[in-house]
Each structure stands twice: as C-alpha cells, then as structure tokens.
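Hi,

Here's the structure I promised to pass on.

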Amino acid sequence: MSEWKEYKFSELCTITRGASPRPIHSFLSDQGMPWVKISDATSSSSKYIEKTVEKIKNEGVPKSVKVFKGDLILSNSATPGLPKIMAIDACIHDGWMLLRDFRHITKEFAYWVLLNERRFLVHQGTGTVFVNLKTDILKNYKVKIPDISTQNKIVKILNSLDDKIQLNTQTNQTLEQIAQTIYKSWFVDYEPTRAKAAVLAAGGSKADAESAAMTTISGKSAAELATLKQQQPARYQQLADLAAAFPAVLTPTDDFGEIPAGWEIKKVGDIAKIVKGKKPKNIYPSQEDNFLPHILVAALEGKYTEFCETTKMTTSKITDTLVLMDGSASGKISIGHHGVVGSTLAKMELFDDKYWAILYQLLKSKEKDIQDNTTGTSIPHADKARINEYSLSVCEGYILDFYNQFFEKSLFQSIENRKQSNLLESIRDTILPKLLSGELKQE
C-alpha cells in the first residue's frame with residue numbers, strides 16, 4: 001500500500017448536489033421522469049437504481065438534476081452515505097450528490113471505496129434528528145487509492161461476487177413474476193376456463209376445448225403441443241390433466257362477476273385470521289437449541305441477526321404469509337420465513353393450509369392498496385379490517401394442488417438463492433476492507 005496515493009475526493013471527481021422543484025407534491029405524477037427517493041435505494045441491496053416508485057412531471061425536470069444510466073450518486077440525508085449506480089435515466093433531489101468526471105480513479109472503484117468508507121463518512125455528518133452528509137464533507141474526505149490497473153483487479157473480484165448476488169436477485173424476481181402471472185391467469189382472469197367456454201360456444205368439440213385450455217396454460221401452439229406429446233409424454237399428460245380439471249363454464253355471482261362453475265368466492269377473513277407478532281423478552285445473538293430466528297423488517301430479506309425462544313410467541317413457517325403491520329413500510333407482504341414473528345409483523349393463520357399459496361398471491365397483489373390505505377397519523381398501520389374484506393376465488397382438487405406444488409418449488413428455490421446471496425454478501429463484506437487497504441493481494 002506504500003505506492004497508493006492519498007487524494008481528497010474533490011481531486012478525484014466533480015461533486016454536485018441534486019435539486020427539487022417546489023412544491024414537490026405539485027410535480028409528482030404517474031408519468032414523466034423517474035424520481036429517485038432514498039426509499040428506492042434502500043428497498044434493494046443491489047448497487048443499481050433500476051426503478052423508482054414515483055415520477056415527476058416533465059416540466060419539473062429543468063428544476064431538478066437529471067442523471068443518466070451509469071452515473072454514480074451518493075445519498076446525503078435520511079440514510080446517508082449510500083452509493084448507487086444508475087441503471088436508468090432519472091432526476092435526483094437535494095438528498096443526493098452526483099459524482100462525475102473521474103480522475104485517478106474509476107467510477108466502479110469509487111463506488112466500492114464509498115461503500116467501504118460509509119461508516120466513517122456518516123460519522124462526520126451533522127444534524128440532531130437526521131445525519132446530513134454535506135457536500136463539503138465528501139469533497140474534503142481523504143482516501144488512499146492504487147493505480148488504475150490495481151483498481152481494475154480489485155473491482156473485478158468484488159464485481160464477480162456482486163454479479164452473482166444480482167443474478168440470484170433477478171432469478172428470484174423472475175420466479176415471483178411467473179408465479180403471480182399464473183395465479184392471475186388461473187384464479188383471477190380464469191383464462192383456461194374462458195378458452196374452453198369460447199371453443200364450446202363456437203360449436204367446437206370437448207377435445208378442441210381441452211386443446212385450447214392446454215394452449216392457454218402452456219403458451220404453446222398446437223404444433224408445439226404435438227411435439228411435446230411425442231418427446232415428453234409424461235409432461236404432456238400432466239398438462240392435459242390440468243386442462244381437463246378447469247371447468248368449461250363460467251357462472252355469475254351476486255357481486256363478484258363470473259367465476260368458473262363449482263368455484264367459490266371467499267373473503268380473507270373466512271379462510272385466515274391475522275395473528276400479531278410479539279416482542280420477545282430475551283433476544284440472543286446466536287442460534288441455540290429451541291431458538292428460532294427473530295423475524296424483523298430487515299429479516300424479510302432473509303437476513304437474521306437475532307434469535308429468541310419460542311415460548312408463548314407467534315411463530316411462522318416457510319409457507320406462512322407475513323404482513324408488515326406498523327411503520328413507514330406497513331403493508332409489505334412477504335413469505336418464506338421460519339422463525340418468531342416480530343411485534344411489527346403479523347402472520348396470516350390459515351384455517352386450512354391448502355389455501356396458503358393463493359392467499360399469499362392475493363395479498364401480494366393487494367400490497368399497494370394496503371399501503372395506500374393505512375390507518376394512524378404519526379405511525380402508519382395496516383388496516384386489518386380492510387385485509388379481511390378482500391375477496392378471492394377458490395377451488396378444490398387438482399388445480400389447487402398443482403399450483404401449491406408449483407409455487408412451493410419456486411419458493412424453496414428462491415430461499416436457496418437468497419441464502420447463497422447472503423453468504424456471498426458476507427464474503428464480499430469481509431474482503432472489501434482488506435482489498436481496499438492493500439492487506440489482501442489481488443492476484
């Protein structure tokens with residue numbers, strides 16, 4: 001490290017601050033330029049900003065600071081010192097700093113340096129309630145960096161770990177999207193039933209109706225289904241059995257529109273009750289016999305740092321749906337956690353476990369509605385009564401069993417991916433300071 005040189009950050013890049021059009025609420029919109037909030041950065045462990053919850057109107061863009069794909073930004077308030085790389089074009093407010101025109105340092109290496117130095121930077125911040133990381137603090141902050149060749153070697157090591165973490169995250173997102181798409185097709189839009197009914201209404205045969213349902217379920221053409229039958233007869237038969245299980249008739253209901261014949265409409269309160277978590281008396285830093293992970297907000301990402309006894313506590317199994325009941329993110333829906341439910345969370349305790357998968361998908365689809373209709377003034381609370389009144393269509397037998405098995409397989413794969421990512425993050429966080437101090441060689 002004797003050959004590493006010390007620089008102020010202002011010598012390594014230009015640092016400017018974001019800006020907001022005022023009053024900001026007049027410029028927020030469903031359309032326009034993505035508007036980067038701190039919550040967009042903290043909602044994911046990814047180093048990229050890939051999407052934003054809110055947008056600002058185009059007329060507000062000149063009054064803000066526009067950032068482009070590839071730009072490096074750093075939060076300076078609320079959750080200060082958090083570096084992110086833009087994966088989209090957007091606008092940033094004055095809670096962000098923008099770093100450009102890098103000299104003696106690559107942008108990727110600057111990202112890792114800032115992440116490593118975050119706790120030291122934040123310590124220099126000001127403010128009583130919230131820590132503010134002023135621009136001058138970053139400009140005058142000194143770091144030692146190696147030559148560009150060494151920087152690139154370090155970045156390659158760290159990025160190789162981060163890329164795998166990112167791939168696991170994307171895989172889990174894809175698995176979630178597929179499960180949600182199938183749920184909507186089968187249990188909300190009733191597409192297989194509608195396909196069968198349309199064929200029969202047009203004078204088609206039962207066999208034609210079954211084929212139409214198979215096409216709808218699989219997304220395969222008639223020719224592709226013929227090939228599947230020849231090459232993978234067992235899979236074809238499974239698809240045929242599934243298509244046959246869907247009714248061919250839609251029947252009207254009093255206040256829910258048409259549903260497949262033989263299906264029922266139930267409210268959430270009819271199939272489950274909301275059981276609030278509790279605060280454990282004793283919390284431990286490690287897992288001992290008869291201890292389970294303490295499920296808090298942070299643990300919804302699968303990262304458990306506390307453990308507690310299960311006596312007189314609300315416990316959750318992998319297939320239980322959890323609802324974040326209190327706090328700024330109240331209404332968040334999660335699944336795949338085994339442990340003791342924290343006091344800000346609740347689990348949906350089913351009266352019959354066969355509805356576990358469709359209950360989760362229903363509530364996940366209602367997540368924004370729950371978050372938009374919280375109660376409470378100073379602290380938002382998810383509305384239990386509202387959740388209990390949500391309606392869903394339910395069926396019995398092969399279709400429900402098939403979806404449960406499919407989603408269970410998808411869920412356990414997601415959990416394994418998450419565990420692997422947690423391990424990779426631990427390795428990355430361990431070697432990061434060693435690489436950036438020169439203690440660990442790059443070869």
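Before the rest, some ground rules. This is a predicted model, where local features need pLDDT of at least 70 and side-chain atom pairs count only at pLDDT 80 or more, while totals for chains, interfaces and linings use all residues. Residues are numbered from 1 along each chain as its sequence is written, and side-chain values use heavy atoms, with hydrogens and water left out.

His 104 sits in the loop between strand S11 (96–100) and helix H3 (107–123). (Helices, H or I with at least four residues, and strands, E with at least two, are DSSP runs numbered from the N terminus.) Its phi is near 70 degrees, a positive value in a residue other than glycine. Lys 312 isn't a glycine either, and has a positive phi of about 60 degrees. You'll find Lys 312 in the loop between S18 and strand S19 (315–316), and at 72% relative accessibility it counts as exposed. One more to look up: the peptide bond from Arg 22 to Pro 23 is cis, with omega near -10 degrees. Pro 23 is in the loop between strand S2 (14–17) and strand S3 (28–29).

**Covered pieces**

Strand S17 (residues 291–295) is mostly covered, with five of its five residues buried. S17 has two partners (strands pair if DSSP finds at least two bridges between them). Three bridges join S17 to strand S18 (residues 307–309), and these two run antiparallel; Phe 291 has Glu 309 as its bridge partner in S18. Two bridges join S17 to strand S22 (residues 339–341), this time parallel, and there Ile 295 is partnered by Val 341.

Helix H11 (residues 356–365) is mostly covered too, as nine of its 10 residues are buried. Among them are Trp 356, Tyr 360 and Lys 364.

On a 1 Å grid over the protein atoms alone, a cavity is a set of points where a 1.4 Å probe fits but cannot get out, and a pocket is an open set with protein on both sides within 12 Å along at least five of seven lines; lining residues have an atom within 4 Å of a point. Points are joined across faces, edges and corners, and a volume is the space filled by probe spheres set on them.

The second largest pocket has a volume of about 470 Å³. Of the 15 residues lining this pocket, the closest to its centre are Ile 182, Ile 217, Ser 218, Arg 235 and Phe 402. Helices H5 (148–188), H7 (206–218), H9 (233–245) and H14 (398–437) each give two or more residues to that lining.

How many cavities of 30 Å³ or more does a search of the whole structure find? The search finds one, and the largest cavity has a volume of about 40 Å³. Its lining is Ser 45, Ser 46, Lys 47, Asp 162, Ile 165, Gln 166, Glu 425 and Arg 428. H5 and H14 give two or more residues to this lining, with H5 giving the most, three residues.

Happy exploring!

Definitions and conventions: Buried < 20%, exposed > 50% of the residue type's maximum accessible area, 1.4 Å probe, protein only.
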